[in-house]
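Please open the model in your viewer and keep the selection tool at hand. The stops below move from one selection to the next.

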Amino acid sequence: MSDGSPVVRHTLENGLDVMLKEDRSAPLISTWTWFRVGSRNEIPGLTGISHWVEHMQFKGTPTLAKGQIFRDVSRHGGVLNAMTSHDWTAYYETLPSSCLDLALRIESDRMTNSLFDPAETESERTVILSELQGAENNPAYLLYKEVTGAAFREHPYRHMVIGYENDLRQITRDELYAHYRRYYQPGNAYFVAVGDFAAADALASIEAAFGGIPPAPPPPPVRIVEPAQIAEQRVILRRPSPTAYVRMAFHAPNARHPDAVALLVADAVLSGGKGMGLASGGAMGRSSRLYRSLVDAGLARSAGSDFDLTLDPYLFSFGVTALEGVEPERIESALDAEIDRLRREPPPAAELERARKQVKAQYVYSAEGVTNQAFWLGLMEIVDSWRRVDTLMDEVDAVTADDVQRVADRCLRSDARTVGWVLPTEAGGEADSPSPIVARFTCFGLGGAGAPPPSNRSGFERDALPDRTVVLGQARPSEPSVSVRLRVRAGAVADPEGKAGLATLTSRMLTRGTSTRSAAEINEMTDALGSSIGADAGRHSAEVSFRCLTEDLPTMLSLAAEMLRQPSFPGAELAKVRAQLLTGIQEADNDTRSTADRIMRRLAFPPPNPLGRRLSGDVESVSAIERDDLVRFHRAHFAPSAMTAAIVGGVPSFAAARDLVAETFAGWSGAAAPEPEIPLPGRKSEIVRETTAIPGKSQADIAIGLPTISRLDRAFYALDLANLALGRLGLMGRLGATVRDRLGLAYYVFSQIEPGREGSLWVSRAGVDPSNLERAIDGVIGELRLLRESGLTPDELADARNYLIGILPLALETNDGVAAMLLSIEYYGLGLDYVDRYPSLIASVTADDVVDAARLLDPAGLVIGVARPPA
C-alpha cells in the first residue's frame with residue numbers, strides 16, 4: 001500500500017496498478033488512465049498507429065455512443081483530454097469529486113470495448129492527415145523531425161509520434177484494432193487519481209469498475225537498442241522562411257540512469273529551468289549561457305536546450321531561431337563555444353545554485369492543482385517509478401558542479417551529434433521553434449454542472465488604495481508559491497497612428513532595465529530566485545506578471561514595481577527587442593493560421609479602427625518607433641490610477657498582500673490618459689472574403705469573424721450558450737461533429753467569442769487540406785444558419801448551462817487561474833459575488849433567449865480570412 005507515502009498503491013488481480021493520493025484543497029478529482037504504449041512500440045509501416053488508436057477511443061463502444069464521452073463529462077462539470085507520446089498514451093478527466101464513477105465507467109468501458117467502425121476509421125484518417133499537414137507547415141517542426149530521424153538509425157524514437165504520411169494513408173482498420181487489443185489491457189495500464197476523496201472508498205469503486213476485465217498476455221517488449229553514434233550527422237533543409245533555424249541533438253541517457261538528474265541541472269545551466277509536466281512556472285533562464293551568448297548578443301530571437309525524462313535513451317537537444325540575416329554558421333559557432341565551455345569547466349557555485357533553484361521551483365509549480373499532480377505521478381511511473389515524485393528534488397540538491405561538467409563532457413560530444421539547419425529560400429516563416437512535441441488529441445474547455453462552485457464571498461477580496469490602485473486577491477496560506485498579475489490600462493488600442501506595436505514594444509522593454517538595475521541584473525536576480533517575470537501588451541492593457549516561491553514575494557514585487565515605475569528603455573536593449581519583434585512579425589506573416597486571423601481582423605475592423613491592427617504592429621510601424629516614443633507612451637499611460645493588482649497564493653492574508661502593494665508602490669504618482677473611444681464597425685450586407693497564398697505550406701487555415709454585442713449586454717450569456725453548442729462543447733460542438741467528425745475535413749474546427757466592453761468578436765477557425773477548403777467554409781456557415789433558425793435542443797441547452805456553471809471550480813484550481821479571473825471580474829465590473837451569482841444568471845437564460853441571441857450571428861455579415869498553399 002502506501003508505506004508512509006501520501007500515495008496509496010494497489011494492484012488488482014488482473015494486473016491493473018492503481019495509485020491514489022488524497023488532496024482536499026478543492027472539490028475536484030483528476031483521474032488518469034495510462035497505457036504503456038506509444039510510438040516506441042511501433043514497427044516500420046505502422047508509424048503513427050498509437051496516436052490514431054487514441055483518436056479512435058472517442059468513437060464509441062456498445063454502451064457509449066459516439067460523442068457521449070464528451071457530453072457526459074461536459075454535463076457533469078469536467079474537462080478531459082488524451083495524449084500520446086513516444087513512451088505512453090494517457091486519458092484523463094478532471095471532474096467534481098462526486099463524479100468519480102463517471103470517469104471509471106468511461107475508462108473501464110473503452111479499455112476493452114471500443115468499436116473501431118470502418119467508416120469512422122476512414123473519417124479519422126483524413127483528420128490525422130490534416131493534423132500532420134498543420135505540423136509540417138512549420139519549418140522548425142520539419143527540422144526537429146529530420147534531425148531526430150537522422151540521430152536514430154534503429155530505435156523507433158526516430159519517427160514522430162504522428163507517424164509518416166505514407167503509413168497513415170495505408171494503415172487498415174484491422175491493424176488499428178489489433179494494436180488496440182494488444183496494448184489496451186489491465187496488465188499494461190495503470191490508473192491514477194488525485195483529489196477530494198477517501199482512498200479506501202475510491203479503491204473499492206475502482207475494483208468494481210475494472211476488476212472484471214480479464215487479464216491478457218503481455219505485449220511484446222521493445223528490444224531494439226540504438227547503436228552508438230560514431231560520426232556526426234548533418235541535415236540541411238531549404239524552405240521558405242524569413243530566418244534560419246539551427247538544431248543540435250546528442251544522445252542522452254534515460255530517466256533511470258544515474259546521470260539523468262545531473263543532465264536536468266546542466267540543461268538549466270545552459271538555458272534555464274523548464275516547466276515540468278503539464279504546468280510551468282514560466283520562462284526562466286534569461287541569465288543563462290545560451291540566452292547571453294545568442295539572444296542577448298543579438299544573434300537569435302530564441303535559444304534553448306532540452307532534456308526529457310524518457311523510458312529509453314533519447315536526446316539532449318538545442319534549438320535556435322536566428323534573427324533575420326544571421327547566418328546559421330554563427331549560431332552553430334556560438335552553440336559550440338558554450339557546449340565546449342561546459343564540457344571543460346564545472347559551473348561556478350552561484351551558477352549551479354541558480355540552476356538547481358530553478359529546477360526545484362519549476363517542480364513546485366508543476367504540482368499546483370490535482371490535474372498536474374496526477375499527471376506527474378503517472379509520468380514518473382512510466383519512465384521509472386512514482387516514488388521519485390517524492391525524491392527527485394533531493395537528487396537535484398545532490399548534484400555537484402563536477403557532476404554537471406562530467407555528464408556534459410560524456411554526453412555533448414561533437415563527434416557523435418546530429419546538426420540540422422533550415423536555410424531560408426524566400427521570405428516567410430512560422431511561430432517560435434517548438435521543443436520536442438507530444439502529439440495531442442486536444443479537447444477544448446469541457447465542463448458542466450456537477451458540484452456547485454465553492455463560495456468566494458469570503459475568499460475573493462478587493463480594496464482601492466489612496467492612489468486609486470485596485471488590489472484584488474485570495475489568500476491561500478498553505479500554498480508554497482504565489483502568482484501576481486499587475487495590469488495597467490496601456491494596451492494596443494492606445495497606439496498612435498503610424499506607430500502600431502508601440503504598446504507591445506514598450507511593455508516588452510519593461511524587463512530590459514530600470515533606473516537601478518540593468519537587464520542582466522534583472523535576469524540574474526529572477527533566475528537566482530527560481531522565479532519568472534514577463535511583460536507584454538494586449539488590446540486594452542499591458543501586464544507585468546510573475547510567479548515565485550512565497551518567501552520571495554516582497555523581492556519580486558519590488559522588482560515589478562521598478563519595472564512599471566522606472567523603466568530606463570536603454571538603447572542597446574531596444575535594438576535587441578525591436579529585432580526580435582521584427583523577426584516575429586515576419587515569421588507570423590508566413591504562418592497560415594496567423595495570416596488568416598490577421599486578414600479576418602482587418603476585414604472585421606477596417607482602418608483606422610485599432611481593433612483590426614496586429615498587436616505587434618507591422619515591419620514599417622515597428623521600424624519607425626524611437627526610444628522617445630516609448631518614454632512618451634509610458635509617461636502617458638502608466639500610473640497608479642490605471643493599475644489593478646491581483647495576488648493569489650501563499651500569503652497569510654489579503655490584508656498582508658494589500659499592505660505589501662501599498663508599501664512597495666508608495667510614492668508613485670501621475671494620471672493616466674483615458675482609453676480612446678473605439679468606433680464600432682457598421683454591419684456588412686454581404687460576406688467579405690480575402691485569400692493569401694503562402695509558399696511551402698501543405699495546410700490551409702480559415703478564420704471567420706463577425707463583430708457582435710458587448711460582454712456587458714444582458715444577452716451575452718445567451719449568446720455564449722449558443723456558441724458553446726455551436727463550436728466548443730464536447731469535441732468542438734456542432735462544428736466538430738459536422739466538419740471534423742462526420743465529414744472528416746479538418747483536424748481542428750471550433751468557434752469562440754472574444755469578449756469586449758465595447759463589443760465582442762465571434763470567431764470560427766479551422767485547419768484543412770486545401771482541397772477541402774470550400775466544403776469546410778460551407779460547413780461552418782451551414783451550421784451557423786441552422787443555429788439561427790432553430791436554436792438549441794433541450795439537451796444542448798442543458799449541457800451548455802451545465803458547462804458554464806460547472807467549469808468554475810476548475811478555473812479556480814490554480815493560483816494564476818484565480819488571478820486571471822479576478823482581473824476579468826474587475827474589468828467588467830461584475831462584483832466579487834459574481835461566482836456565487838453566476839449559476840442563477842445562466843439558469844435564467846431561456847430557449848427563446850438563445851434563439852434571439854443566435855440571430856445576432858448573421859452569416860450575411862461574415863468576414864473570412866484564408867491563408868493557403870499556392871494553387
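**Aromatic rings**

Begin by selecting Phe-35 and Tyr-184, both of which are buried (under 20% relative accessible area with a 1.4 Å probe, protein chains only; exposed is over 50%, partly exposed in between). This is a predicted model, in which local features need pLDDT of at least 70 and side-chain atom pairs count only at pLDDT 80 or more, while totals for chains, interfaces and linings use all residues. Residues are numbered from 1 along each chain as its sequence is written, and side-chain values use heavy atoms, with hydrogens and water left out.

The rings of Phe-35 and Tyr-184 form a stacked aromatic pair, 4.1 Å centre to centre with 25° between the planes (rings of Phe, Tyr and Trp, the last by its six-membered ring, pair if their centres lie within 6.5 Å; planes under 30 degrees apart are stacked, over 60 edge-to-face, the rest tilted). Next, select Phe-316 and Phe-318, a tilted pair with 5.5 Å between centres and 45° between the planes. Phe-316 is buried at a relative accessible area of 1%, and Phe-318 is buried at 0%.

Now extend the view from Phe-35 to its aromatic cluster, whose members include Phe-58, Phe-70, Tyr-91 and Tyr-177. Over the ring of Tyr-177 sits the charged end of Arg-173, 4.6 Å from the ring centre (the rule asks for NZ of Lys or CZ of Arg within 6 Å of the centre and within 35 degrees of the ring normal).

**A buried serine**

Finally, select Ser-50, which counts as buried because its relative accessibility is 1%. Leaving aside residues up to four places away in sequence, Ser-50 touches residues including Val-37, Thr-84 and His-179 (contact means heavy atoms within 4.5 Å).
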